[in-house]
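Subject: Structure handover and findings

Dear colleague,

Please find the structure below, together with its sequence. My notes on the findings follow it.

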Amino acid sequence: MADTQATVFLRSNRVAYTEHEYAYVEHGGTEDSAQSLGVPGHAVVKTLVMQDEAAKPLIVLMHGDRRVSTKSLARQAGVKRIEPCTPEAARRHSGYQVGGTSPFGTRKKLPVYMERSILDLGKIYINGGRRGFLVGLAPGEIVRTLAPQLVHVALED
């Protein structure tokens, strides 16, 4: 399997991970990838590129079966407003195509906010840097390598 910026980052930071390919479905989301891999949607973590009112980008890591309360996130991040980036802006900031965005190996170093309850899971599955490719790893590795701000912003889907 060809390397991605994410797998290069993981290896250079000595992160133990497993590779999981699946047939990517346009707009299938984490529900589709979880079903393809036979894992709970709660353990699949989506990488969302968002921005504040000044158009400063940030990454939010959220359970696949939850949504982000942007109001709560803005409050916890100390900004007025947070909203999703356009696909073009997300690609420009992260270096990844939408549907293949990983928090690892981004084009620019972006602030990362992670839903605190992700740490309660033994193993998570997160995008490995291209569509149809997830990596499985211990959630503590995200804390070790990306130093995210832990937040509580999950909403039931």
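In which kind of contact do the side chains of D65 and R66 meet? They meet in a salt bridge, with an N to O distance of 3.3 Å; the term denotes a side-chain nitrogen of Lys or Arg within 4 Å of a carboxyl oxygen of Asp or Glu. Through salt bridges that share partners, D65, R66 and E156 are joined into one network. D65 is partly exposed, with a relative accessible area of 27%, whereas R66 is buried at 17%. Here buried means under 20% relative accessible area, exposed means over 50%, and partly exposed lies in between, with a 1.4 Å probe and protein chains only.

Before the remaining findings, a note on conventions. The model is predicted, so that local features need pLDDT of at least 70 and side-chain atom pairs count only at pLDDT 80 or more, while totals for chains, interfaces and linings use all residues. Residues are numbered from 1 along each chain as its sequence is written, and side-chain values use heavy atoms, with hydrogens and water left out.

Overall architecture

The protein contains five helices and ten strands. These elements are DSSP runs numbered from the N terminus, helices being H or I with at least four residues and strands being E with at least two. The radius of gyration is 14 Å, close to the 15 Å that the globule rule gives for 157 residues, so the protein is as compact as a globular protein of that length. That radius is taken over C-alpha atoms, and the rule is 2.2 Å times the number of residues to the power 0.38. The C-alpha trace spans about 40 × 30 × 30 Å along its principal axes. Of the 157 residues, 48% count as buried.

Salt bridges

A search of the whole structure finds seven salt bridges. One of them joins the side chains of R130 and E21, at 3.5 Å from N to O. R130 belongs to strand β7 (residues 124-130) and E21 to strand β1 (residues 18-21), so this pair ties together parts that are 109 residues apart in sequence. R130 counts as partly exposed, at 25% relative accessibility.

A further salt bridge connects E26 with R131, and its closest N and O atoms are 3.5 Å apart. This pair also links distant parts of the chain, 105 residues apart: E26 sits in the loop between β1 and α2 (29-37), and R131 in the loop between β7 and β8 (133-137). Both residues are partly exposed, E26 at 47% relative accessibility and R131 at 27%.

Surface charge

R91, R92, R107 and K108 form a positive surface patch. Patches are made of residues with over 30% relative accessible area and no salt bridge; like charges are joined within 9 Å, and nonpolar side chains (Val, Leu, Ile, Met, Phe, Trp, Tyr) within 5 Å. Lys and Arg count as positive and Asp and Glu as negative, with His and the chain ends not counted. The place of a charge is taken as NZ of Lys, CZ of Arg, CG of Asp or CD of Glu. Accessible areas come from the Shrake-Rupley method with a 1.4 Å probe, and for residues only the protein chains shown count as cover.

Backbone geometry

Two alanines deserve a remark. A55 has a phi near 65 degrees, a positive value in a residue other than glycine. A55 lies in the loop between β2 (44-52) and β3 (57-63) and is partly exposed at 41% relative accessible area. For A147, phi is near 50 degrees, again positive in a residue other than glycine. A147 lies in the loop between α5 (140-146) and β9 (149-151) and counts as exposed at 62% relative accessibility.

Selected positions and distances

M62 lies in strand β3 and is buried, with a relative accessible area of 0%. Its C-alpha atom is separated by 24 Å from that of D3, 59 residues apart along the chain. T86, in the loop between β5 (82-84) and α4, counts as partly exposed at 43% relative accessibility. The C-alpha atoms of T86 and E19, 67 residues apart along the chain, are separated by 28 Å. S36 is found in helix α2 and is partly exposed, at 42%. S36 and Y24 are twelve residues apart in sequence and 9.3 Å apart in space, C-alpha to C-alpha.

With kind regards
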